[in-house]
2 protein chains.
Amino acid sequence: LKIVVDAMGGDYAPEAVVAGVVEAVKEYDVRIALIGIQDRVAEELKKHTYPADKIELIHAPEVVEMDEPASSPLRRKRNSSITLGVSLLKNPEYHAFISAGNTGAVVAASTVNLGMIHGVDRPGIGIVVPSLKKFSFIMDVGANTDPKPDHLLQSALLAKVYVKEVLGVQNPTIGLLNIGEEASKGTGFHKDAYRLMEEKVDNFIGNVEANEVYTGKADCIICDGFVGNIVLKVSEGLLESTGKLMKREIKKNPLAIIGAAILQFSLSDLRKLADYSEYGGAPLLGVNGIVMISHGRSSPKAIKNAIRATMREVEHNIIETFSKEVSQKITV
Amino acid sequence: LKIVVDAMGGDYAPEAVVAGVVEAVKEYDVRIALIGIQDRVAEELKKHTYPADKIELIHAPEVVEMDEPASSPLRRKRNSSITLGVSLLKNPEYHAFISAGNTGAVVAASTVNLGMIHGVDRPGIGIVVPSLKKFSFIMDVGANTDPKPDHLLQSALLAKVYVKEVLGVQNPTIGLLNIGEEASKGTGFHKDAYRLMEEKVDNFIGNVEANEVYTGKADCIICDGFVGNIVLKVSEGLLESTGKLMKREIKKNPLAIIGAAILQFSLSDLRKLADYSEYGGAPLLGVNGIVMISHGRSSPKAIKNAIRATMREVEHNIIETFSKEVSQKITV
């Protein structure tokens, strides 16, 4: 089992990526192909001790920066770690690709270089968020911001397989994110998506309102990439602002500082709510290959978690399971 | 100054509404026309003492329930407190209408019975949310779920006037809620709205990402009603779930119970983040009359706050100011 990891992706690359990879090869039965600027990555690897046969180094002379346009790996930088790394998956020796780099660039390079699973038109990014039950899976959170109702059906089928196979939830429930519970709610787009999902998706529980995203009402919550991105970022921002407001209040009262110190442990748990790096990155689903997008701020631990989640996808032969599920439900 | 209040609207009506109205007439220089099932409201009023000449009672035999379709006050229940209450605004003696009832029904009844301000095509609901600076105003949060870019421009112009006149912010800044900062981000709809706002809206600061909703980056945040509703409800749900998770964690540790008790005061402040009733309800803007929608769970205090905010709208002659702003910027 060999996974390609983009050594140059993310705000703390290559340091955090290399450290995470080293932890992973020590802990798991996995081999890693680190792709990036060879000298830079080799220098970083020297700081660690690890079983040398488990990490391979592949040179990619270019780096797609975080703020470049999504088309960059396809046009200006065809020798980037993203372009070359994704393309390695065409060789059956390499089983998956992980990057904490430019999300749009990874989506574009994967879509063009790997193609789509038969029956799927557009890729989607899923993320795991904690909930009052355990966790939920939201898809799409940004790959396809202006989808057709069919694309939401496809997302639902893919998400269901992922949650079952990789996250181990038997018979996962699927909900459509909407502004009301009744089938008549939302725009024409949402009503059409509802109808399609009702017809084709096992365990479809109907609409889920946004105040139920974190209650665990549905195992998979399906939405367009624009709305999913808003859900993710508003959650992140709200927790951050709430934290800052709390600190302000606490500073006004010396007794509260003691209270806060006592509570610190639970707060650190709560911060995970909006930090998907804790859950091993966000899978890019629908493309014909296993691709995982990690948060730009990924720590070594997050990279290690992403490798673990990707290993599970490989072990469960997930691309084949996706294809079966989609071909059963969608006539192309 | 006389305001019509829907005595039958909201989960705790008429009790909470009547109690809030009584507090308001004692505290402010305002007269109230309470509209609803006369006997029920009169019975409720008997529990209070108040200056009798400041509260008038108007009979409306029907009640639109919270889960009825939005068209109900226009079709099945034309003698409801919502239909009759809104219609009273055609009489210049009555200056504004407040309801904590069925939001869709209030929007429909107001749109049809009052008509729109010249130059505005569709109404929008705005809400005040607290932010790290002080507060921001988000519009639309649910009236117009599938708008045209023009409608977002109209929302921006109305929101700007409201925030300046009623909330007292000089030169409020306006942002477009989007999934990235650059003008090229989002769907075609968002790019068109961006272009229109850049051209016509003073103090337009460009796109605002969802993680900036609570930082106070923009005084007015403009979005379609679907996305606005998602922002509101995901915030509400996240705070609720976070609170529950905290309680679970705290219960595991006796020391933490002490810490939590000390911190309680700041938590109650933080809950206000997603509770717009604290800010006096959500104005329905764009219709040719002053209409305020209060939260279904409005307490007497929330009703009182809504009355105060509506009084400010009347005092600032807001409908005229809306008309001027819109006619200056939009050629019809």
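Q: Why is D192(A) called partly exposed in this predicted model?
A: The relative accessible area of D192(A) is 33%. Buried requires under 20% and exposed over 50%, with partly exposed in between, so D192(A) is partly exposed.

Q: What makes D192(A) and R195(A) a salt bridge?
A: Their closest N and O atoms are 3.5 Å apart. The cut-off is within 4 Å, so the pair qualifies as a salt bridge. Both residues lie in helix α6 of chain A, three residues apart, which is about one turn of the helix.

Q: Why is K2(A) called buried?
A: K2(A) has a relative accessible area of 6%. Buried means under 20%, so K2(A) is buried.

Q: What makes K2(A) and E93(A) a salt bridge?
A: The closest N and O atoms of K2(A) and E93(A) are 3.2 Å apart; the limit is within 4 Å, therefore the pair counts. The two residues link distant parts of the chain, 91 residues apart, with K2(A) in strand β1 and E93(A) in the loop between α3 and β4.

Q: How do you know that S136(B) is buried?
A: The relative accessible area of S136(B) is 0%. The threshold is under 20%, so S136(B) is buried. S136(B) belongs to strand β6 of chain B, and among the residues it touches are I127(B), V213(B) and I221(B).

Q: What does the side chain of S136(B) reach?
A: The side chain of S136(B) reaches the backbone oxygen of A218(B), at 3.0 Å.

How values were computed
Residues numbered from 1 in each chain as written. Chains lettered and ligands numbered in written order. Predicted model: local features only at pLDDT ≥ 70, side-chain atom pairs only at ≥ 80, totals over all residues. Heavy atoms only, no water. Helix = DSSP H or I, 4+ residues; strand = E, 2+ residues; numbered from the N terminus. Buried < 20%, exposed > 50% of the residue type's maximum accessible area, 1.4 Å probe, protein only. Polar contact = N/O pair within 3.5 Å; in protein donor to acceptor, adjacent residues only side chain to side chain. Contact = heavy atoms within 4.5 Å. Salt bridge = Lys/Arg side-chain N within 4 Å of Asp/Glu carboxyl O. Lists of a residue's contacts leave out its neighbours within four places in sequence.
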